[in-house]
Amino acid sequence: MPVFPATHADVAILDQLQDGVIVVNPEGTIEYANPAARRLLATLVAGPESWEPAHGPPPPVQKALRTLPSLPASIVVEGLHLEVVAAEGGRIITAREITNPVGEFALERERRLAAERCLEQKQEFTEAVLDNIGTGIAVCDETGTLHIVNRAMRALGSPETPAAAEHWAENCGFMYPDGVTPLRREDNPLYRAFQGETVRDVEIVVAPKDAPRRTLLATGRPLFGRDGRKIGAVLATRDVTHRRLSTRRVREAFRHFRTLFKDAPIAYHEIDCDGVIRRVNRAECRLLGRTREEIIGRCPWEFVSENEREKSRRAVQDTLAGVPPLTPAEREYVTADGRHIVLEVHENLIADESGRIVGIRTAMLDITDRRRHEQQEQAIVREKASREQAEAASAEIRSILERIGDAYIAFDTEWRYTYVNQKAAELALKPAEELLGKCVWDEFPESVHTAFYTELQRSLREQISVAFENYYAPLGKWFENSVYPSPSGVSVFYRDITERKQTEQALQKRTAQLAAKNAELEAFAYMASHDLQEPLRIVSTYTAMLSNRYAGVLGGDADTFIRYVVDGAARMQDLVRDLLALCRAGTMDLARVQDVSAAAALESAAGHLAGAVTETGATFEFRDLPRVRAIESHLVQLFQNLLANAMKYRSDAPPQIRVAAERLPAGWRFSVADNGAGFHMSQAEHIFEPFKRLRRHPAGTGIGLSICRKIVEARGGRIWAEAAPGAGATFYFTIPDEIPAGD
């Protein structure tokens, strides 16, 4: 077998080397000598033209080769340093000219050892970086064999490297997001990347054999060499198990709240600051005999009987204005079929974080039957008052009192029981015969100095009817009381409303829990984004140093991998920075609000984008922009994001951007129009959502317009867009004169 079956490409590479390379067969014939070897060996003979490869090695070299005890070996021959290794069917000799053979050889050996140590340190550092980031990393070569699996990925059950494609899932199970259906191989994100597809944020479930299952977002892409040849694929995963669990819990809590709101037996609606009904539950729709669509968007007094309509309207407006007191009221409503019903209305104010009243929550109880009964009882009480003793009441009146659903008790002016119906006796846990003639305050001393005691005393003293609710601790129950006085005493109708109170308290508690959970999630997002910056900065700094210091030293693959790490760290830093900006954009610090020139803010924003302006040839047109009350940095960022968006999604023509402002009754409306690619109006709402883009774009994180919306809404305004494909887009936002309160 020949010693040197080299290809033309191999020969071309050897011909470019500065060191001499000689291939000698067993017979001592030189099969190949590169130009550097010819030059060096010629110096051992008579002159540059006196030696050819066909002559065989020069005599000094032949002599040195005969004395070699074993291979490989390193020898010095007349100013040349020769290294000899055995090859199949012969020998390969490398020759290098030296001035001080021993010193130069030692120096070269030290250099080689130092390079090997540096390579080991670099490999150790790279492995440490990959093992100390939270993102799981897996890399396979062009055959599908895994070669790089960091610690985070190994914790999910990935095999030790190297591992062939058929062994990727031997220690864990891959499933679709439902956590049940096994993931097909062709849907595996790494396999898709290996097949040449770029994969972004694909959700999968991993079930390791010895660890709990996890939910991951996987991103992968194929790897290509400098010559365009596919050399493998890389996959990055983020563990979103806790985030998915938190999201499911919030959704479940909201679902429970929504179910409770819709199916609660108590009629309920909410109105906004203009007195318009925005939410209504099924119980109220049934009570009024109307559909949800017939109620939403109308004012509550429109359903009140005509003789009480103006009174109801003024009461709602007074409540929204904060005029006290906020007490239950009775109003007569008219149903869809014309029936008149009496409702007891209980209102609670809705306030924003600043304490400003923005609406009213209203619960309504149908007391039509009770009012009818009370009217009957009032007639009975008046009849009884005309008699000397309560015992003279007719059997018919007593029958009515026993049949009504409410508890009924009557007292004389000394607070002695004169009548107790069966319902009242059941609630008092005492027979009616045991109570008659006794003082209520002696029988129930714990009631003294409670609302029950105070309101009954006031009713008898001032001879006015009163209605109130009170909690009776010994029974652990809430009661709704209606008190009617007469010169001979008072009559009290009351009912157990504990279940209703518990429902109201549960609604209030759930609402508070949801508000606290939203605040907690926002704080968590801010802290998580903030805490990611430092490790990302370290990764970015050291990988950049690695790239600068060892570019071209470790080979093309290493340079490519380092570039991917540097680019990935830089992109993640941009993403974290934008996430922080998104969290901060919704905060309105009143101390930073000042009188800001919109024109100056626009010019500052354009200055920050000078590179993009030069690159795209963009031009700006604006005039007569007003001064507004805002946080200057927020306004600059708002304009900067809108200008950058216009230049990013441009058409073939250079961007032309026009900024204008229009005065509104309560503020200013700004517009930023461009001549770019535009979009369909069906997508107008999606563009303001985080990470939502209308088309792929290599630059940016997809958060810019989300930050714009948070800035505008925190200032109390709103933002929207109008566009058409190929006809450019116009973004509008408003800045009200009124400044919302800070967080």
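Predicted model: local features only at pLDDT ≥ 70, side-chain atom pairs only at ≥ 80, totals over all residues.
Of the 42 residues in the largest nonpolar core, which touch the most other members?

**View 1. The largest nonpolar core.** Phe639, Phe731 and Phe733 touch the most other members of this 42-residue core. Two or more residues each come from the helices α19 (598–608), α21 and α22 (704–714), and from the strands β24 (627–631), β25 (656–664), β26 (667–673), β27 (719–723) and β28 (729–736). Helix α21 supplies the largest share, 8 residues. A second, separate core has 27 residues, among them Leu435, Val440, Val490 and Val492. In soluble globular proteins, nonpolar side chains tend to be buried together.

**View 2. Surroundings of phenylalanine 731.** With neighbours within four places in sequence left aside, phenylalanine 731 is in contact with Leu642, Asn645, Phe670, Ser671, Val672, Phe679, Ile687, Phe688, Leu705, Trp720 and Ala721.

**View 3. Valine 636 in helix α21.** Helix α21 spans residues 632–648 and contains valine 636. Valine 636 counts as buried because its relative accessibility is 9%, and buried means under 20%. Apart from neighbours within four places in sequence, the contacts of valine 636 are Ala601, Ser604, Ala605 and His608. Between valine 636 and alanine 598 the C-alpha to C-alpha distance is 8.5 Å, with a separation of 38 residues in sequence.

**View 4. The pairing of β4 with β5.** Strand β4 (residues 80–87) runs antiparallel to strand β5 (residues 90–97), and 8 bridges join the two. Alanine 86 has arginine 91 in β5 as its bridge partner. Strands of a sheet pair through backbone hydrogen bonds, either parallel or antiparallel.

**View 5. The hairpin of β17 and β18.** Strands β17 (residues 407–412) and β18 (residues 417–420) pair in the antiparallel sense, with 3 bridges. Opposite alanine 410 stands tyrosine 419 of β18. The hairpin has 4 residues between its strands, and tryptophan 415 takes a positive phi near 65°.

Methods:
Residues numbered from 1 in each chain as written. Heavy atoms only, no water. Pairing = 2+ DSSP bridges. Buried < 20%, exposed > 50% of the residue type's maximum accessible area, 1.4 Å probe, protein only. Contact = heavy atoms within 4.5 Å. Core = buried A, V, L, I, M, F, W, Y, C linked by side-chain atoms within 4.5 Å.
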